Structure formats: C-alpha cells, structure tokens
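Trainee: Please take me through one part of this structure closely. I would like to see what it packs against, piece by piece.

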Amino acid sequence: MFESGMARLAARKITPDQMRLLRAALARLSASRGNPAEFVAADMAFHVAIASVSENPIYSAVSHALLQWFLEIYPRLLRAPGTEELTLREHGKILDAIDRNDEDAAAAAIQEHLLRSNPLYSPRGQPKTRQTRARRRGA
C-alpha cells in the first residue's frame, strides 16, 4: 500500500521540525471534532503531511490526489459519523510509531487504520459489481 510505504519512510526520515508539523496536523484534526467538513479536510491533511516527510513533492501530490479521489467517489467512506474519536486514536498511534522511528509499527498502524476506515481496502469489503454478483450466482 502506498500509505504504508509513506508511514514507513516517515518513521525512517522524520526530523524534529517535521514531527512538529505532524503533531500540528493531529491537533488540527482534534480541534475539528464536531465539524464533519473540517474533520475530513484535517484528516486528509494529516495523511498528506506524512507523505511530505519524504521531501518528494510527487509523493505528497499522489497522496493528496488519492484522498481527493476517495472523497469525490466514496464520500461516505471519509465521512463516517461517530468515528472521530477512533480516527484520532488511530492517527495518534501512527504518529507515536513515527516518532519512535519504528517503521514496522508505523506501517502496521496506518494499514490497520485504512482497513478499518475504508472497507474498499479489505478483500471482504470490495464493492460488488454486476460481474461479481453474476459469477456468484453462476451466470
């Protein structure tokens, strides 16, 4: 997964200044509780901030583009009511692993977050197409 690689890279390369930026992104996310549009924007900014640690603008652009695409195509996946506290805890876990320079834990934490928050990442949660339903019916 792209984001697992970004979290792993962030854990390897993070500087104190970059860590402050990630903490600020998490604080913005926390402060936006109760405002769904701002929460989604802050959530996306947190993920892009992780990609920015690479110092490769292409990674940041790809991260932003992927998240924007998800927001446009699957808006309910990024706007799940009642998940703000869980999302904050998961982001905190990701941030803590990056801060400890624990690449494996950072990658695992972001993958766990994505699998929980977005069923499209999970094989069981793949959207059913007409072809998939037809195959299951034996047509």
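Mentor: Two residues are in contact here if heavy atoms of theirs lie within 4.5 Å. Keep in mind that the model is a predicted one. The part to look at is helix H1, which covers residues 2-13.

Sorted by class, the contact of H1 with H7 holds six nonpolar, two polar and five charged residues.

Now turn to helix H3, residues 36-52. H1 and H3 pack with their axes 8 Å apart, at an angle of about 55 degrees. That angle makes H1 oblique to H3. H1 passes H3 in a left-handed crossing. Here Glu 3, Met 6, Ala 7 and Ala 10 of H1 meet His 47, Ile 50 and Ala 51 of H3. Five of the residues in the contact of H1 with H3 are nonpolar, one is polar and one is charged.

His 47 lies in H3, and its relative accessibility is 4%. The limit for buried is under 20%, so His 47 counts as buried. Leaving aside residues up to four places away in sequence, His 47 touches Glu 3, Ser 63, Leu 67, His 91, Ile 110, His 113 and Leu 114.

A pair of aromatic rings is described by the distance of the centres and the angle of the planes. The count of aromatic pairs comes to one. Phe 2 and Tyr 59 form that pair, with 6.4 Å between centres and 70 degrees between planes, which is edge-to-face. Phe 2 is in H1 and Tyr 59 is in helix H4 (residues 57-73), so the pair links distant parts of the chain, 57 residues apart. Both partners are partly exposed: Phe 2 has a relative accessible area of 27%, and Tyr 59 has a relative accessibility of 31%.

Definitions and conventions. Residues numbered from 1 in each chain as written. Predicted model: local features only at pLDDT ≥ 70, side-chain atom pairs only at ≥ 80, totals over all residues. Heavy atoms only, no water. Axes fitted to C-alpha atoms, helices over the stretch in contact; angles between N-to-C directions. Helix = DSSP H or I, 4+ residues; strand = E, 2+ residues; numbered from the N terminus. Parallel < 35°, antiparallel > 145°, perpendicular 65-115°, else oblique. Left-handed = near helix turned anticlockwise from the far one by under 90°. Nonpolar A, V, L, I, M, F, W, Y, C, P; charged D, E, K, R; others polar. Phe/Tyr/Trp six-rings, centres within 6.5 Å; stacked < 30°, edge-to-face > 60°. Buried < 20%, exposed > 50% of the residue type's maximum accessible area, 1.4 Å probe, protein only.
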